[in-house]
Amino acid sequence: MTAPRTVVVTGVGALTSHGLGLSPLFDALGRGEPLAAPIDRLPELAARAASARRAARVDGVAWDEWLARRAARRMSPPSIYGVVAARMAQADSGLEPGEEPDPEYAVVLATTYGACSYSQRMLDQILDHGPEGISPLLFMESVVNAPAGQVAIQCRAAGPNLSLCLREAGPVATVGRGAAEIAAGRASRALVGATEEMTPLLHGVLDQFRSLSDHPRPLDRRRDGFLAGEGALIMVLEEEAAARRRGARLRARVRAWGGAFDPTAPCADWGHDPVPLARSIRAGLARHELAVDDVDAVVCGASGSRRGDRLEAGVLRDLFSGRDLPPVYAPKGVTGEYAGAYLAAGFAALEGRPMAPPAGFGEPDPELGVTPSGLAGSAPPPAGRVLVTGSAAGGSAAWAVLERVDQP
Amino acid sequence: MSRGEPVWVTGAGAVSAWGWGVEPLWQGLAAGTTAIRRPDRFDSSAYRTRVAGEVPDPPAELAGRFSGWSGWSWADRFAVAAAREALDRAGLGAERPAELANATVVLGSSTGGMLEGEEYYEGLRRDQRSRLRLITRQLVSSPGEVVARELGCSGPVETVSSACASGTLALGMALERLRAGEADIALAGGSDGLCRITYGGFNALRLVDDEPCRPFRRERAGLSIGEGSGILVLETASTAAARGATPLAILSGAGASSDAHHMTAPHPEGEGAARAVSRALVDAARGPGDLAFINAHGTGTPLNDVAEWRALASALGRVAGQVPVTSTKGAVGHLLGAAGAIEAVATVLSLVHGSVHPTAGVGEPDPEAPVDLVRDGTRPIERRGAAVSLNLAFGGCNAAVVFEPGSPPA
C-alpha cells in the first residue's frame, strides 16, 4: 500500500483592502487595524437608517501588473480579483503555468454572492429594456463559476474545477476540498481560495439584516456586526513530494480538514449549537492522527457577529474543554468578512509574526469565555499547528489545520 | 489510492417538468415525449423563445408536510421534496431519521432562489419597498442548507455551483467523502429553479431553441431551459446492508476536468470532457468495453453535441459509436445546476428498469455526431455493464460519474 499523499502550500496571492499580497496583510494584522472606506448607499435603500456605511474595499488597489486591463474588460470584478490573486499565488510558488493547460492542476474557489454587480445590471436591463436588452457578456460573467473558469483559462489549470458556496465558511472549505483532491490523486496541484465583490446593493441588503458594523469587534461584549469585505485570497496547494523535488518553499502543510452543519441555524443568521463543528474537528483530527493537544494556535472565524462569534467561541470551549485554550486570533476584525483574507493569519501564526487583537476590542464577553490573543509589536513563538475555523450564517462550517513544515 | 468499500445508491427522488416524483419522471422519459412547454412561472412573451421544462404545481399535501414550505424558494422546495422522496424510497422514512444525524449533504445549484431575488429587486426598484424574506432565499447555497436543516443533518453541507456540471460534481464530491470515511451516508444531487436572468441570458447568447430541444439531431437549434431537482441517497455498502437496505445501483466512479479553453464554448475536440470520462472510468476500475449505455449531456446546441461526440470518441475509442447514448434533456430540458442530478436519477432508473429511455425530440440524427442514439422507444439493456453520465458546463467544467447495476446478475 502506497503512503498517503501529503499536501503543502507553496504560494499565496491576495488582493485585499490592504493591498496586494501577504505583506500588507501581515502588517495590518500586526497593527490590528482594519482598512475600510465609505461605500455608496443604493438609492432605493438610501432612505433607510443604516448601521454601517463602510466596507473593506479594493478600489484603488492597482492590480495591472497581474492582469492586463484589456483582458479584464471581459471579466466581472470577482473574476478579476480571482485571476489577480491566482497569478500572484502561482508566481509566489515559483510554479508558473506552461504553454499547455495542465490536467493535473485543479481549481477550487469559493464565493458567497458571485458577480452580484453583473446580476444587478442584467436585472436593470430586463426592467428597463425588456429581456432582449440583456448583454451576453454580463450573463457569461454573472454565473457563479465564472471566476473559477477564468482562473482555469488564465492559469492553464485543466484539472477538476469546483466553485463552492458555503457562505462565510467557503474560504477555509476550499483548502480542505483542494487538499482532498490532491490527497486522493485526482490532482497534483490546486489553486484554492475565495473571491468576492461587495456592491452598494449587497452592502445595503446585509445592513437591512443588522449584520454589519463599521467598527468590527470580534469576541467583544459590545460587538454589533462584521465589516463587509471584498477581494480575493488564493493559495497554491501541491503534493508535497513533488514540491520538495522541485525545491519549492513550503509555506505550510495542510494536515487535516473537515466540515459540519448546524441545523439550528436560521437561513439569515448563525445557529447556536457548537457541537457539530467541535465533533467534526475532533473526529477529523483523529482521522489525520492528531489530537486537540496538538493544536498550538487557533485562527477563528469570529467577525463581530453577535451570534456568529458566540458560536465560534462555543466551538472552541467545547473542543478544548478541560484544557487551556491556545492563543486564539480573530483576524476578521482586521481583514473584514468574505474573500478569505483572514486565512493569512494562519501563515502569520506559523511564522511567528506579531498579531494584535483587533482594534476596538476592549471588553471581553463573559458569555463567550474567549478573548483574542496577540499584542501589537510582540512576536509570539511560531506555532507548530494552527486550527483555522469558519462557521457561516445558514449553518455550514468548515475547518483546516495548517502545519509548519521543515524547509527543504 | 484505495477506493474503499462500494457506495450504494439506496434511494432516489426527483422533481421535473414531468411532475413531482421518480414515477412520473420515468413514465415520461420512457414514453419518449417532451414535457417542455410554455412556462407560467413568469411572463415569457417578451423573450425570444417561449418554452421551458417547468415543474407543474406541487401536490397539495407537500405544503402541509413541510412547515417552512411557504417561505422557501422553488429551488428549495424541489430539493426538499426530492430528498424526502429519496429517503422514503431508501427506507428512511422518519421525519428526521437518526441515520442522518451525521450525514453529509452535497448539492449542485446554479441559480438557487434567483427568481425570488429578482422579485425582491423589482420591488425595490418599483417602490423602494420589498420583502426581505425574498432575498434570504436567493443564495445558491440555500437548497442544500434547507435540506440539511429540515432533516437535522450535522455532517458537512456543501453546495457546488459550477454551472451545468454542478450536479455531477456534487455526486463525485459525496462519493469522495464516503470513501474518505467522513460520513456513512450522503444526500447528493442538485436543484435549480427557472429565473428571468438565466432564461434571458441563454437567449442573449442565442443558445436556446424556440422549440423543445432535439439532442443529437441534425436540425437541432439550441437547448431548452428546465428546472427541478434530483437527489440520491448514497451509503457505504456496510452501512446500508446493516440496516437491511438494498442497492438500486452502485456509484462506482467519478471524474472531473476543465477545458481551460473558453468561458462558454466547449473545447472543439472535447478534450476536457474526454478526460473527465476517462478519469471516471479509471476511478471505477472499468474500461470502455464495460459500458452498457451513456446518459450524455446532450443539450441540443450545435456546438455541444458535436464536441461531446468527439469527447466520447476520444475517451472510448472504437466503442464510442456502439454504446447506446441517450439524453434526458429532450424530455425535461436543461436543469443547469441540477442537470447532472436529474440525469443521474434517470441513469439509475434505467439500470433498475433494465432499459434505456429514448431521447425525446424529432428529426434525423446528425451524421457529424454519430452516437448510437436511443430513440423511438426504450431500448433494453442488452449487456450487463456500467453506465456513464456526463456533463459539460460554462467555464469549461466537465464531470462524469459511473453507475453499475445494484442487483447481482441473474
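## Terms and basis of the model

A residue is called buried when its relative accessible area is under 20%, exposed when it is over 50%, and partly exposed in between, with a 1.4 Å probe and protein chains only. This is a predicted model, in which local features need pLDDT of at least 70 and side-chain atom pairs count only at pLDDT 80 or more, while totals for chains, interfaces and linings use all residues. Residues are numbered from 1 along each chain as its sequence is written, chains are lettered from A and ligands numbered from 1 in the order in which they are written, and side-chain values use heavy atoms, with hydrogens and water left out.

## The interface of chains A and B

Chain A and chain B each give 68 residues to the contact, where contact means heavy atoms within 4.5 Å. The two chains bury about 5600 Å² between them, and 62% of this lies on carbon and sulfur atoms; buried area here is the accessible area (1.4 Å probe) lost when two parts are put together, summed over both.

Seven salt bridges are found across the interface, a salt bridge being a side-chain nitrogen of Lys or Arg within 4 Å of a carboxyl oxygen of Asp or Glu. One of them joins Arg167(A) to Glu145(B), with 2.6 Å from N to O. Among the elements that give two or more residues to the side of chain A that touches chain B are α4 (116–129), β9 (252–261) and α10 (275–287) of chain A, helices being DSSP runs of H or I with at least four residues and strands runs of E with at least two, numbered from the N terminus. The largest share of that side, eight residues, comes from α4(A).

## Aromatic pairs

Over all chains the structure holds 15 aromatic pairs, counted when the ring centres of Phe, Tyr or Trp (its six-membered ring) lie within 6.5 Å, with planes under 30 degrees apart taken as stacked, over 60 as edge-to-face and the rest as tilted. Phe226(A) and Tyr338(A) form an edge-to-face pair, 5.8 Å centre to centre and with 85 degrees between the planes. Phe226(A) lies in the loop between α8 and β8 (231–239) of chain A and Tyr338(A) in the loop between α12 (332–335) and α13 (344–350), so the pair ties together parts 112 residues apart in sequence. Both Phe226(A) and Tyr338(A) are buried.

In chain B, the ring centres of Trp20(B) and Trp69(B) are 5.9 Å apart and their planes stand at 45 degrees, so this pair is tilted.
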